[in-house]
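The following paragraphs go through one protein chain, from its overall make-up to a few local details. Please keep the sequence and the structure in view while reading.

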Amino acid sequence: TLTDANTGKTVTAADFRGKIVMLYFGYTNCPNVCPLTLSDTARMFHMIGSKAEDIRFLFVTVDPRRDTLPVLRKYTALFGAKNIIGLRGGEAELRKVTGWYHATFAVHPSPDPAKYTVMHTAEVYVFNRQGKPEFITVGLATKDPDLEGIAYMGGHSFGGIIHAERAATAHALANDGRPNGTIVIPEITPRVVGGLMVWFMLATA
């Protein structure tokens, strides 16, 4: 379980059933990747319009030492999208959640802010309304994200994947099918969707 920074209540994956979930691990003092990801996500939600109400972007801090609930709440509010939710857990909870998704992070505290370092994965994990994994992407952390392509998927509630794939293949292949920031994740099948290379997670029972 993790704690919702907006409500102060503990939540689990079951609390978000019926919604499309975008799961991301980061921290509020991140100088570039995290604010860029959240900013581009907010822009994508704007492009989708009312359909964004069916999506929840869960920002799980990997630096709970500094990211208290008030800090998380204030940080996520900066991006102007109410469906961006900050979540916080203790060390044990955080290790458990990141372990489920093979996400990595490392925190090296220091009294000197300049020497306080945090490393974390930049992927966004996307789950369907039933809580099943759909795909992983780092497209929202690139310098020039394909927001139109991502919004196309979001506008279809991340459904109709095959249709979206066919509609966008020509655009994606113009860049050899690999936009900036794309990475290969083991045991994941590549697909092209909306001009964005994503790596579909092999669903498990």
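Two residues are in contact here when they have heavy atoms within 4.5 Å of each other. Among contacts in the chain between residues at least 6 apart in sequence, 67% join residues at least 24 apart. The model is a predicted one. The chain has five helices and eleven strands. Of its 205 residues, 49% are buried. Its accessible surface is about 10400 Å², and carbon and sulfur atoms account for 55% of that area.

The largest nonpolar core holds 44 residues, and the members that touch the most others are Met-22, Phe-25, Leu-38, Phe-45, Phe-57, Phe-59 and Ile-84. At least two residues of this core come from each of the strands S3 (20–26), S4 (55–61), S5 (84–88), S8 (124–127) and S9 (133–137), and likewise from each of the helices H1 (33–48), H2 (69–77) and H3 (91–100).

Leaving aside neighbours within four places in sequence, Ile-84 is in contact with Asn-6, Leu-38, Ala-42, Phe-45, Phe-57, Thr-76 and Phe-79.

Strand S8 is another element to follow. Val-124 and Val-126 point one way from S8, whereas Tyr-125 and Phe-127 point the other way. All four of these residues are buried. S8 pairs with S3 in the antiparallel sense over four bridges, and Val-21 stands opposite Phe-127 of S8 in this pairing. S8 also pairs with S9, again antiparallel and over four bridges; here Val-124 stands opposite Thr-137 in S9. S8 and S9 form a hairpin with five residues between them, and Gly-131 in the turn has a positive phi of about 85°.

The cysteines remain. A disulfide is a covalent bond between the sulfur atoms of two cysteines. How many disulfides does the count come to? The count is zero, with a pair of cysteine sulfur atoms having to lie within 2.5 Å to qualify. Cys-30 counts as buried at 8% relative accessibility, and Cys-34 is buried with a relative accessible area of 0%.

How values were computed
Residues numbered from 1 in each chain as written. Predicted model: local features only at pLDDT ≥ 70, side-chain atom pairs only at ≥ 80, totals over all residues. Heavy atoms only, no water. Core = buried A, V, L, I, M, F, W, Y, C linked by side-chain atoms within 4.5 Å. Buried < 20%, exposed > 50% of the residue type's maximum accessible area, 1.4 Å probe, protein only. Pairing = 2+ DSSP bridges. Areas by Shrake-Rupley, 256 points an atom, 1.4 Å probe, with all protein chains shown as cover.
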